[in-house]
Amino acid sequence: MTEQRHSALAIHPIAAEEGEGELLRRRQIVRRTRWLVLIVLVLLALGAARTVFVRIANARALEAGTAERAKQYVQTALPRVPTAGQTLSLPGTLQGFVQSPISARASGYLKRWTRDIGSRVEKGELLAEIETPEIDQQLSQAVAARAQAASGLELARSTAERWEALRKKDVVSQQDLDERRSAVAQATSNVAAADANVQRLKQTEGFKRVLAPFAGVITRRNVDVGDLIDAGAGGGAGRALFMLAQTDPLRVYVNVPQAYAQLVKAGQPVVVTQAELRGQSFKGEVARTSGAIDTTTRMMQVEVSLPNKDGALLPGAYVQVSLPLAASRTLTVPANALLFRAEGTRIAVVDAQGRVALRAVTLGRNYGENVEVIDGLQGSDRMVLNPSDSLADGDIVAVAPEQPPAKAAPAGTKKDPA
């Protein structure tokens with residue numbers, strides 16, 4: 001390169017005395033610059049490739065996440081046949097097996113009473129005495145009338161005997177003898193009527209002693225000494241003196257709804273509980289059923305017999321009667337599997353391909369958490385639990401995996417709030 005060219009390029013010309021060393025140094029600088037530029041370009045290319053790769057990966061992850069979130073996951077369950085029967089709990093009121101008001105048959109004044117409320121009495125035991133002066137006088141009058149009739153009968157018989165003898169001698173006519181015989185028959189009837197009246201008044205007088213008709217407990221006393229006792233005009237029932245109840249066994253009457261009436265049979269065991277007697281239960285059995293449904297209430301009356309030897313239960317108490325019913329062979333489904341639509345009750349069923357089909361079903365008894373399905377469902381159909389209102393026939397869903405039940409935490413440990 002000439003000096004003129006170096007001066008035009010503003011490059012200091014290499015002097016001859018500098019030699020070859022200066023030229024080599026310049027060449028090395030140029031080579032290093034090229035390598036530096038190449039490294040920068042490679043780094044830029046690697047950065048651009050990494051950016052493109054990350055963006056592609058993010059796009060694929062976003063697409064996969066969107067597709068995953070677009071799936072409609074559902075929980076499913078199978079209908080089942082109950083192995084144990086349901087227990088029907090019904091309210092009832094305890095009653096004495098025999099309970100009756102004790103009334104007086106004879107009118108008068110109460111002389112004394114021997115048993116008060118809460119007293120246990122035996123059959124035939126004296127409860128009260130009544131003063132009956134009118135009945136006593138009527139009995140005396142009836143006895144006197146009977147004696148008068150008896151004397152008339154004796155006179156008629158003696159007269160008839162004499163007329164029989166006279167008739168044999170043909171002193172009197174047959175007509176006169178027949179009249180005397182008729183007088184004997186009439187006098188005999190009068191004596192029989194007088195005897196019946198005397199016996200009636202004696203029995204009525206016996207009613208002034210009020211006796212217990214059966215063994216039980218006096219639950220009420222309505223009279224006191226000196227009260228006027230009216231047996232009732234015309235034979236009607238007067239005021240009850242006592243209320244007597246037999247407390248062993250007891251009766252409980254419950255009304256069973258029509259849906260369960262066919263499952264209740266005589267001899268079926270029951271359990272009776274009372275809220276005030278906590279922790280205690282009493283076993284009884286169904287004594288009998290009415291065998292018919294009341295058209296007004298659509299219920300069947302059931303009588304339960306309940307032993308009460310220790311007297312823990314009191315007549316008139318409010319109790320709960322638990323009737324264990326026989327297991328039904330009808331399919332039952334959870335109540336949260338039902339869909340109530342305008343066209344009727346439906347259950348969403350999922351097939352093996354995840355396609356939803358809405359089945360019309362006929363429901364039976366409602367057990368609270370479970371409901372009987374009479375028609376429209378098979379035992380192998382997989383139902384959707386808690387179906388959304390937007391779920392339609394033909395939708396594609398994904399069945400969520402079943403989660404194992406959570407283990408109970410050891411006693412004394414606390415759960416993490418998170």
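The legends below describe close-up views of a predicted model.

**Overview. The fold as a whole.** The protein has 418 residues, of which 28% count as buried, and its secondary structure comes to 5 helices and 21 strands. Among contacts between residues at least 6 apart in sequence, 73% join residues at least 24 apart.

View 1. Helix H4 (residues 174-206), with 33 residues, reaches 48 Å from its first C-alpha to its last, close to the 48 Å expected at 1.5 Å a residue. The buried residues of H3 are Ile135, Leu139, Ala142, Ala149, Leu153, Ala156, Thr159, Ala160 and Trp163, and these residues pack against H4. In H4, the buried residues are Leu177, Val184, Ala187, Val191, Ala194, Val198, Leu201, Thr204 and Glu205, and what covers them includes H3. As background to reading both lists, an α-helix has 3.6 residues a turn, so residues three or four places apart point the same way. Just after H3, Asp170 takes a positive phi of about 60°.

**View 2. Arginine side chains over tryptophan rings.** Arg180 lies over the face of Trp163, at 4.2 Å from the ring centre; Trp163 is also one of the buried residues of H3. In a second case, the charged end of Arg221 sits over the ring of Trp113, with 4.1 Å to the centre of that ring.

**View 3. The open sheet of 4 strands.** The strands of this open sheet follow the order S6-S5-S3-S8, and their pairing is antiparallel. Strand S6 (209-211) and strand S8 (228-229) stand at the edges with a single partner strand each, so one side of each is left without a neighbour in the sheet. S5 and S6 run antiparallel and are joined by 3 bridges, and Ala128 has Val210 as its bridge partner in S6.

**View 4. The surroundings of Glu125.** Glu125 is found in the loop between strand S4 (120-121) and strand S5 (126-131). A polar atom of the Glu125 side chain lies 3.0 Å from the backbone nitrogen of Glu122. When neighbours within four places in sequence are left aside, Glu125 is in contact with Arg115, Arg120, Val210, Leu211 and Ala212. Of these residues, Leu211 is 86 residues away from Glu125 along the chain, yet the C-alpha atoms of the two are separated by 5.4 Å.

**View 5. Strand S12 and its two antiparallel partners.** Strand S12 (residues 299-306) has 8 residues, of which 6 are buried, so it is largely enclosed by the rest of the structure. Strand S9 (residues 240-257) pairs with S12 in the antiparallel sense over 8 bridges, and Arg251 stands opposite Ser305 in S12. Strand S11 (residues 282-289) also runs antiparallel to S12, to which it is joined by 4 bridges, and here Arg288 stands opposite Glu303 in S12. In general, strands of a sheet pair through backbone hydrogen bonds, either parallel or antiparallel.

Definitions and conventions:
Residues numbered from 1 in each chain as written. Predicted model: local features only at pLDDT ≥ 70, side-chain atom pairs only at ≥ 80, totals over all residues. Heavy atoms only, no water. Contact = heavy atoms within 4.5 Å. Polar contact = N/O pair within 3.5 Å; in protein donor to acceptor, adjacent residues only side chain to side chain. Pairing = 2+ DSSP bridges. Lys NZ or Arg CZ within 6 Å of the ring centre and 35° of its normal. Expected span 1.5 Å × (residues − 1). Buried < 20%, exposed > 50% of the residue type's maximum accessible area, 1.4 Å probe, protein only.
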